Structures are given as structure tokens and as C-alpha cells.
Amino acid sequence: MIEFKLNGNIVRLEVSPDMPLLWVLRDILGLTGTKYGCGEGLCGACNVLLNDKAVHSCVTPVSRVQGMNVTTIEGLAAVENHPVLSAWIEEEAPECGYCQPGQIISATALLAENHSPTDSDIDEAMSQNLCRCGTYRRIRRAIHRARARMNKER
């Protein structure tokens, strides 16, 4: 039995401990916001927060999340006026949108650790996420906007 907290709720599952977290989220729990990208932990489309750190769920065995907090894009979307999601919309960061859940997760993890990231900090933190549409400049602007909003609220 694997038990963890998912988007604030306790989840208990009888699954193979080697099953990637991504398949547990998408196929067993029906949370399809987290995307399958490369399947090798290289593109970031599958990122989720694991105790507030971004991880590639496609290469994370579900046994690793035992007793931990997992947050998906659905968990962030449940927060009214989430600063990162709001900034993403205001800056029109998505184009095709496929990578955006993973991008937003990575940005959220960055802003949880760094309250004043520079462009360089953002580029480094977001280098684990690939966007085939090339919206990196809009993503960077959205992160700065979210940071400003979050710092104002502190």
C-alpha cells in the first residue's frame, strides 16, 4: 500500500511500487493535467511538486512519494487567484499549452525557494522544461509578474 497526500488529500493505493508516478496520476487517479512528454525526465512536461520541489513524475516511482506531499497542476488550479497561474494568463505565456503545466510547476517551485529570482536564476531553474513553441520570454515575464505579486502579498 502506497500512501501520500495529493493536492491536500490523503491517497492510498495498491499499485506496483515501481509504477511511475505519472501513470498513477493520469491512469489511476484521472488527473490528466500532468503531461507525458519524453518519458525520460528530460522535458519537464510531467513535472509535479514533491514536497514543494519540482520532480519529473515520468521517472519517479510511486514508492518514492510514500508519506510525502504531491501537488499537481490541478492542485494549483484549486487555489483561487493562484499568483503563478494568474501571471501565466496575464502574460499569455502558453501557445500550444502542452508543456505549460510542467512549466508552471517548475516556476512555482522556483518562487517557493527564491523570492527575487533574476533572469539568470529563472533561465537556470526553467532549463529543465522544454517548450517547442518557444514561449520562454513570455514565461520569464510571467514568473517576474508572479514574483512581484507574491512579494507584495508577503
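This is a predicted model: local features need pLDDT of at least 70, side-chain atom pairs count only at pLDDT 80 or more; totals for chains, interfaces and linings use all residues.
Let's start with Trp-23, which sits in helix 1; helices here are DSSP runs of H or I with at least four residues, strands are runs of E with at least two, and both are numbered from the N terminus.

Residues are numbered from 1 along each chain as its sequence is written, and side-chain values use heavy atoms, with hydrogens and water left out.

Back to Trp-23. Which residues does Trp-23 touch, leaving aside neighbours within four places in sequence? They are Ile-28 and Tyr-36, where contact means heavy atoms within 4.5 Å. Trp-23 and Tyr-36 are 13 residues apart in sequence, and their C-alpha atoms are 9.0 Å apart in space.

Now look at the rest of helix 1, residues 21–28: Leu-21, Leu-22, Val-24 and Leu-25 are buried there. The cover over the buried residues of this helix includes strand 1, strand 2, strand 3 (47–50) and strand 5 (69–71). After helix 1 comes Gly-30, with a positive phi near 75 degrees.

Let's step back to the whole chain. There are six helices and five strands, and from the N terminus the elements run β-β-α-β-β-β-α-α-α-α-α. The radius of gyration is 15 Å, close to the 15 Å that the globule rule gives for 154 residues, so the chain is as compact as a globular protein of that length. That radius is taken over C-alpha atoms, and the rule is 2.2 Å times the number of residues to the power 0.38. Along its principal axes, the C-alpha trace spans about 40 × 35 × 25 Å. Of the 154 residues, 44% count as buried. Among contacts between residues at least 6 apart in sequence, 60% join residues at least 24 apart.

What about the inside? A nonpolar core here is a set of buried Ala, Val, Leu, Ile, Met, Phe, Trp, Tyr and Cys residues joined through side-chain atoms within 4.5 Å. The largest one has 21 residues, and Leu-76, Val-84, Trp-88, Ile-104 and Ile-143 touch the most other members. Helix 2 (73–77), helix 3 (83–90), helix 4 (100–113) and helix 6 (136–153) each supply at least two residues of this core. Which helix gives the most to this core? Helix 4 does, with six residues. There is also a second, separate core of 16 residues, including Ile-2, Leu-21, Leu-50 and Val-62. You'll remember Leu-21 as one of the buried residues of helix 1.

Asn-7 has phi near 50 degrees, a positive value in a residue other than glycine, and lies in the loop between strand 1 (2–6) and strand 2 (9–13). Asn-7 is partly exposed, at 26% relative accessible area. Glu-92 also is not a glycine, yet has a positive phi of about 50 degrees. Glu-92 is in the loop between helix 3 and helix 4, and at 56% relative accessibility Glu-92 counts as exposed.

Conventions:
Buried means under 20% relative accessible area, exposed over 50%, partly exposed in between (1.4 Å probe, protein chains only).
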